[in-house]
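Here are some notes to read with the structure open beside you. Take the points one by one and find each spot as you go.

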Amino acid sequence: MVRHRKTTVPHKHGNINESGSSSGASESSIASRAFHLLSIWKTGVGVMCFIIAVYVGTLGYLETRVNTPLDEEKAVQQSGLAVPERYWGTYRPGVYFGIKSREPRSPVFGMMWYELAASAHKGIRHLCEQNDNLPTYGWLRHDGVNFGEQLVSDPPHDIHTSFITTPGGEYGGQWTARINITATGKENTPIVLIWYGALDESMGADEHSILWAEYGALRGHTPAIGNFKVHLVPHSGKLIHTSFSEAHCSGLHLLKEKFYSLLRVEKHPHFGRLAVLGPDDELNDKEKGINFVPIQMLIETPFVLDVVYSTEGLPSPPLKGDEYTNALEKYKKEFDVKFEKEFNLKKKGYSDQDIKIAKAAMSNMIGGIGYFYGASRVQSQYTKEPVPYWRAPLYTAVPSRSFFPRGFLWDEGFHGLLIGKWSPEIQLDIAAHWLDLINVEGWIPREQILGAEALARVPKEFVVQSNAAANPPMLLLQIAKLVRTKPQMFEHRYASRHTLDRMFPRLQAWYQWFQTTQKGEEPTSYRWRGREDDGLQLNPKTLTSGLDDYPRASHPSDIERHVDLRCWMYAAADAMATIAKVLERDTDKFEAVRDQLGDEDLLNELHWSSHTQTYADYGLHTDGVRFVRQNSKNQQEGSKVVRSVTIAPQPRLVTSAFGYVSLFPMLLKVLKPESEKLGKILEMLDKEELLWSPYGLRSLSKLSPLYMKRNTEHDPPYWRGQVWANINYLALSALQHYARAAGPHGPRARELHRRLRDNLVGNILSEYKRTGYLWEQYSGEDGHGSGCKPFSGWTALVTLIMADEYYL
Ligand SMILES: *[C@@H]1O[C@H](CO)[C@@H](O)[C@H](O)[C@H]1NC(C)=O
């Protein structure tokens with residue numbers, strides 16, 4: 001591990017001994033009173049030194065805990081070249097089309113483009129940006145291993161990108177990418193296409209890796225992949241002009257800016273003034289080597305380019321031309337067959353168009369998988385400033401390629417449900433990578449911002465991760481689900497058994513971390529940490545719960561208890577028992593906690609309101625809050641909107657916030673099928689004036705005082721009424737569970753399940769047809785997609801919902 005911070009912290013025990021010796025002044029031989037006093041004084045000093053030393057030593061020890069890895073064997077044992085079938089891939093989900101390997105120091109490759117007509121005013125396309133306002137883009141098919149095909153629509157052009165990877169030889173094998181550009185209209189507008197290669201020097205320059213251009217091809221060398229070549233082979237169409245540059249770029253996040261700076265204007269007989277690539281002045285600095293080679297092509301549509309990457313010692317020649325076309329067709333057919341086998345959507349009667357969307361949803365989840373490397377910035381109560389975590393790789397899916405192109409802990413819990421249906425190996429590998437990020441305290445940072453490319457896209461205030469912050473343990477539930485549905489994977493003779501074995505102490509540490517750090521004051525109660533009342537928020541956020549601005553007690557306090565977290569802990573104990581069982585380990589302690597948290601009388605005592613007949617959080621709460629505009633004492637600062645409390649808060653159940661949180665005892669199946677309270681929840685679910693909408697379940701009741709209310713002047717509602725796919729998925733999963741269980745509420749659960757599924761699926765599909773995207777959330781008023789797009793994180797669970805696959 002790399003710890004950047006230079007600490008002068010002495011070793012805990014060494015320090016104690018050292019100072020301990022100075023307290024050993026003896027008084028045995030001399031009786032002199034003065035000396036005696038001196039001796040006492042000396043002893044006192046010694047003791048003080050000792051205490052200070054222990055204090056400093058302990059502080060230092062505590063200070064370093066936050067970025068000390070858990071001392072257990074890593075769950076991931078094989079990566080990089082040791083997993084040849086997944087060595088190369090589209091592991092840069094934040095760009096429209098990019099390829100790299102699962103290697104911390106992989107060279108990266110990618111595409112940019114721009115329209116020649118200055119009137120287009122669109123600039124250069126590179127990173128997936130919401131503001132580019134493309135009508136649609138995303139993977140149509142992607143199997144996570146061999147191939148993918150994507151459509152990027154940027155009128156007046158459609159850009160189809162695809163790739164095939166072919167393992168073989170000692171150096172990670174070969175890949176070919178195809179870029180196929182057609183005009184959306186009749187008119188043929190020239191377009192400029194750029195393919196580049198770059199070396200990531202965010203970890204410091206690497207003198208063993210080099211990159212250069214040669215006869216319009218890209219060449220290079222790294223220790224892992226040896227000598228490699230990237231040929232650009234036009235397959236069909238007209239190439240009007242080519243130029244290239246060898247350059248130095250100070251970071252992967254600045255490639256586009258660097259590219260701009262390399263353009264020079266040249267006269268062209270047909271196009272007048274043409275921007276072409278020229279030499280890089282920065283290379284005059286002898287310290288700076290070439291690490292960025294862009295090749296620019298001015299083309300006329302239709303145009304098809306094959307980008308052919310090869311290395312030495314390949315068993316077969318690299319794919320290109322018609323051979324590539326045929327191979328792609330073959331992979332597409334195989335994909336379609338496997339997709340139907342796994343999801344049965346044709347058999348269920350879905351239309352071809354709906355199946356196409358379901359394939360795109362799943363492919364974007366799989367195609368959104370990235371490989372990141374770097375160190376988070378973390379903070380604990382013992383560190384004066386944020387400190388770097390250890391450098392580590394993360395293989396993970398991402399919630400959104402444009403807005404959240406990085407790993408999120410609780411999102412990943414949901415992603416794995418769908419990924420695992422397609423490829424349990426990939427699911428397990430991703431989970432193992434996440435668990436390797438656990439520290440010695442048992443904490444996993446919630447948001448993973450690894451590497452310069454990821455860091456450049458995160459607002460400053462979200463970078464530092466606090467070790468007091470939890471996030472729902474969905475990943476644990478997902479692993480238990482895999483164990484339950486695919487027990488044969490974990491028989492002794494399989495590698496996945498050993499992976500799970502290595503994951504176990506990590507899972508246990510994580511589980512234990514929740515049990516100790518998120519405990520509430522009352523026995524068997526729990527409290528999300530990290531709520532802060534800044535006097536501005538109508539209701540202080542609970543980011544750690546994953547439900548950000550969902551209303552909780554108005555005045556955060558230690559007496560608070562959160563019903564959703566208590567249910568998560570029930571499900572986590574159950575998941576631990578499931579995993580322990582398959583590994584033939586002791587399950588008793590997990591089962592004991594599960595049974596205790598599953599005791600309905602205990603749950604009701606802490607969280608049931610007989611007044612409203614609902615489950616609720618408990619805390620210091622008042623509904624008497626509103627915004628007022630306050631003039632600042634300082635004239636220049638003007639006025640700001642703050643929260644005013646009109647009725648003093650009381651310790652009570654937060655019953656006015658009826659919504660997702662109130663449903664958790666059902667969502668996570670804490671309630672027994674015969675529970676009377678379950679009947680109440682099902683009854684409340686179905687009310688249109690509360691949570692039920694034609695588009696799915698709203699996050700907050702329409703009758704709640706904070707329904708669709710802003711949280712501050714600048715903070716629009718987020719989990720205050722909008723329909724979210726992940727919680728709807730949990731609801732469907734629970735409804736199906738209760739429908740199947742023999743209980744008095746079975747028929748009702750079955751009927752609700754059917755209607756909720758049809759509403760949710762119907763709206764997500766029709767919004768995709770209307771807008772070209774899956775969305776982060778959907779309006780509970782008109783069903784329109786809102787928040788960011790494309791959001792093929794948990795919204796892509798629509799594929800599982802269409803297939804009626806819930807297996808939590
Ligand atoms: C390029 O894309 C067009 C439009 O989708 C398609 O008809 C054509 O077959 C593609 N060409 C190649 C060589 O892949």
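How many aromatic pairs does the structure hold? The count is 45 aromatic pairs. Keep in mind that this is a predicted model. Now for the points.

1. Start with two phenylalanines, F109 and F228. Their rings form an edge-to-face aromatic pair, with 6.1 Å from centre to centre and 90 degrees between the planes. Look at where they come from: F109 belongs to strand 3 (residues 108-115) and F228 to strand 11 (residues 226-244), so this pair ties together parts that are 119 residues apart in sequence. Both F109 and F228 are buried.

2. W410 and W568 have ring centres 6.2 Å apart and planes at 85 degrees, so they are edge-to-face.

3. The charged end of R561 sits over the ring of Y618, at 3.9 Å from the ring centre. For W692, the residue over the face is R755, and the distance to the ring centre is 4.9 Å.

4. Now some helix packing. Two packed helices are described by the angle between their axes and the distance between the axes. Helix 4 (residues 321-343) packs against helix 5 (residues 352-367) at an angle of about 95 degrees, and the axes are 12 Å apart. Helix 4 and helix 5 are therefore roughly perpendicular to each other.

5. Which residues meet where helix 4 and helix 5 pack? From helix 4 come F335, D336, F339 and F343, and from helix 5 come I355, A358, K359, M362 and S363. Sorted by kind, the residues of this contact are six nonpolar, one polar and two charged.

6. The bond from T301 to P302 is cis, with omega near -10 degrees, and P302 is placed in strand 14 (residues 292-311). The bond from K789 to P790 is also cis, with omega near -10 degrees. P790 is found in the loop between strand 31 (785-786) and helix 18 (798-802).

7. T524 is not a glycine, but its phi is positive, at about 60 degrees. You will find T524 in the loop between helix 10 (495-517) and helix 11. Is T524 buried or exposed? Its relative accessible area is 14%, so T524 is buried.

8. The other one is E584, which has a positive phi near 55 degrees and is a residue other than glycine. E584 is in the loop between helix 11 and helix 12 (588-597). With a relative accessibility of 58%, E584 counts as exposed.

Technical notes:
Residues are numbered from 1 along each chain as its sequence is written. This is a predicted model: local features need pLDDT of at least 70, side-chain atom pairs count only at pLDDT 80 or more; totals for chains, interfaces and linings use all residues. Side-chain values use heavy atoms; hydrogens and water are left out. Rings of Phe, Tyr and Trp (its six-membered ring) pair if their centres lie within 6.5 Å; planes under 30 degrees apart count as stacked, over 60 as edge-to-face and the rest as tilted. Helices (H or I, at least four residues) and strands (E, at least two) are DSSP runs, numbered from the N terminus. Buried means under 20% relative accessible area, exposed over 50%, partly exposed in between (1.4 Å probe, protein chains only). A charge sits over a ring if NZ of Lys or CZ of Arg is within 6 Å of the ring centre and within 35 degrees of the ring normal. Axes are lines fitted to C-alpha atoms, for helices over the stretch in contact, and angles run from 0 to 180 degrees between N-to-C directions. Angles under 35 degrees count as roughly parallel, over 145 as roughly antiparallel, 65 to 115 as roughly perpendicular and the rest as oblique. Contact means heavy atoms within 4.5 Å. Ala, Val, Leu, Ile, Met, Phe, Trp, Tyr, Cys and Pro count as nonpolar, Asp, Glu, Lys and Arg as charged, and the others, Gly among them, as polar.
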